[in-house]
Amino acid sequence: MTENIQGFNTRAVHAGQEFEPRTGAVVPPLHFSSTYAQDGIGNLRAGYEYGRGGNPTRDALQEQLAALENGTHAYSFSSGLAAEDSLIRALAEPGDHIVLGNDAYGGTYRLISKVLGGWGIGNTPVDMSDHAALKAAIAANKTKLVWVETPSNPMMRISDIKAIAEITHAAGALLVVDNTFASPFLQQPLDLGADVVVHSTTKYIGGHSDVVGGAIVVKDPVLAEAIGFIQFAVGAVSGPMDAFLTTRGLKTLGVRMRTHSENAMAVALWLEKRPEVQAVHYPGLPTHPGHELAKAQMRDFGGMVSVQFTGGEDAARTVAEATRVFTLAESLGGIESLMNYPSEMTHASVKGTELAVPVNLLRLSVGIEDVEDLIADLEQAFAKL
Ligand SMILES: *Cc1c(COP(=O)(O)O)cnc(C)c1O
């Protein structure tokens, strides 16, 4: 049934979600079983043998993810970083090299430099808007993987996926896009030339701050086989309950992203007018250097806004601790608004490196509450400055 479904929201609701044939249950049941009865040795009823290798609840999520990213195969993991680790182990080997954005998520940089570096993987961070520097870094290191995050975390920089895919492929490398911030509703990197999409499904895909997970999506059968093998052989899979919660969240991605984007735009416009603010980083603002590019490769601009204060670190810390509707917490992409002080929270691991973030920066994950309440909350917090 799902191969005839074209629209994003229809796919979100139906892909991988066929009703259960025995009872007619509209929502596919949650399968906890770790093992499956065999009718004879190796004679399986539905291809399932053992939970690490395959689970129907995980398969339902994987089918849904592949459909929404316009891929052919998706693989679900216990966290975004578990997905990234398995992805790099599947596509690279000791001696290989990765070029990544110099504003990559701190945990991604820590994984690549501190964990996979010890396994023999080299890395060079570059400014992804400087295509000459990107080409030079790839050529100098015979790079295997180029790793792009757009919009980036937390500086909200926009990278040109199409142009970077051309540069990457001309050098015989593969392009990975971390699509966590945009989500497949706003941006579909495989259609723009990326070879692999990776997600922290903990964020917008799960969407309710109640499950940690990660995913990889591809459309090339050779890459799919390599990733599927590592998912099975290493076993960093999502559990059935996690997969179920993620599927449930993903069904409403489109309606959530519309409100996140609308609210974030209103918050960004409000922040831009305030004298306490030095800079607002939101790709929906015409003043943002990546605005035109974002308009071309995204459907809307998403729910993440970063802001720098003229009052420096003290002002950022004061506002972070003064809001009532925005909760001071790590993570992002849930329906509730969150406030994060990156240099001490999400990006503490890159302090003192070239990926360090400004100390006067706050990152807002704008939720789907009433925007008047969000702005009133910021107003009362700014009054403390
Ligand atoms: C959170 C995040 C990750 C890591 O995902 P986890 O689910 O926390 O392991 C990777 N990339 C980006 C952009 C993120 O925001």
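**Entry 1: α3 and α4**

I began with helix α3 (residues 80-91) and helix α4 (residues 106-115), which pack at an angle of about 40 degrees with their axes 10 Å apart. Axes here are lines fitted to C-alpha atoms, for helices over the stretch in contact, and angles run from 0 to 180 degrees between N-to-C directions. I took helices (H or I, at least four residues) and strands (E, at least two) as DSSP runs, numbered from the N terminus.

I noted that this is a predicted model, in which local features need pLDDT of at least 70 and side-chain atom pairs count only at pLDDT 80 or more, while totals for chains, interfaces and linings use all residues. Residues are numbered from 1 along each chain as its sequence is written, and side-chain values use heavy atoms, with hydrogens and water left out.

I recorded α3 and α4 as oblique to each other; angles under 35 degrees count as roughly parallel, over 145 as roughly antiparallel, 65 to 115 as roughly perpendicular and the rest as oblique. The crossing of α3 past α4 is right-handed, meaning that the near helix is turned clockwise from the far one by less than a right angle.

I then listed the contacts (heavy atoms within 4.5 Å). From α3, Leu-81, Glu-84, Asp-85, Ile-88 and Arg-89 meet Gly-107, Thr-108, Arg-110, Leu-111, Ile-112 and Val-115 of α4. These residues divide into five nonpolar, two polar and four charged. In this scheme Ala, Val, Leu, Ile, Met, Phe, Trp, Tyr, Cys and Pro count as nonpolar, Asp, Glu, Lys and Arg as charged, and the others, Gly among them, as polar.

**Entry 2: α3 and α8**

I looked up α3 against helix α8 (residues 221-234) and found an angle of about 120 degrees, with the axes 9 Å apart. This pair is therefore oblique, and α3 passes α8 in a right-handed crossing. Ser-86, Leu-87, Arg-89, Ala-90 and Leu-91 in α3 touch Leu-223, Ala-226, Ile-227, Ile-230 and Val-234 in α8. By class I have eight nonpolar, one polar and one charged residues.

**Entry 3: the sheet**

I traced an open, mixed sheet of five strands in the order β10-β11-β14-β13-β12. Its edges are β10 (277-281) and β12 (327-328), each with a single partner strand, so one side of each has no neighbour in the sheet. Strands pair if DSSP finds at least two bridges between them. Strands β13 (residues 338-340) and β14 (residues 361-365) run antiparallel and are joined by three bridges. Met-339 stands opposite Leu-364 in β14.

**Entry 4: domains**

I read domain 1 (8-250) and domain 2 (254-382) from the domain assignment, whose bounds are automatic or from a database. Their centres, taken over C-alpha atoms, are 26 Å apart. I found 38 residues of domain 1 in contact with 41 residues of domain 2.
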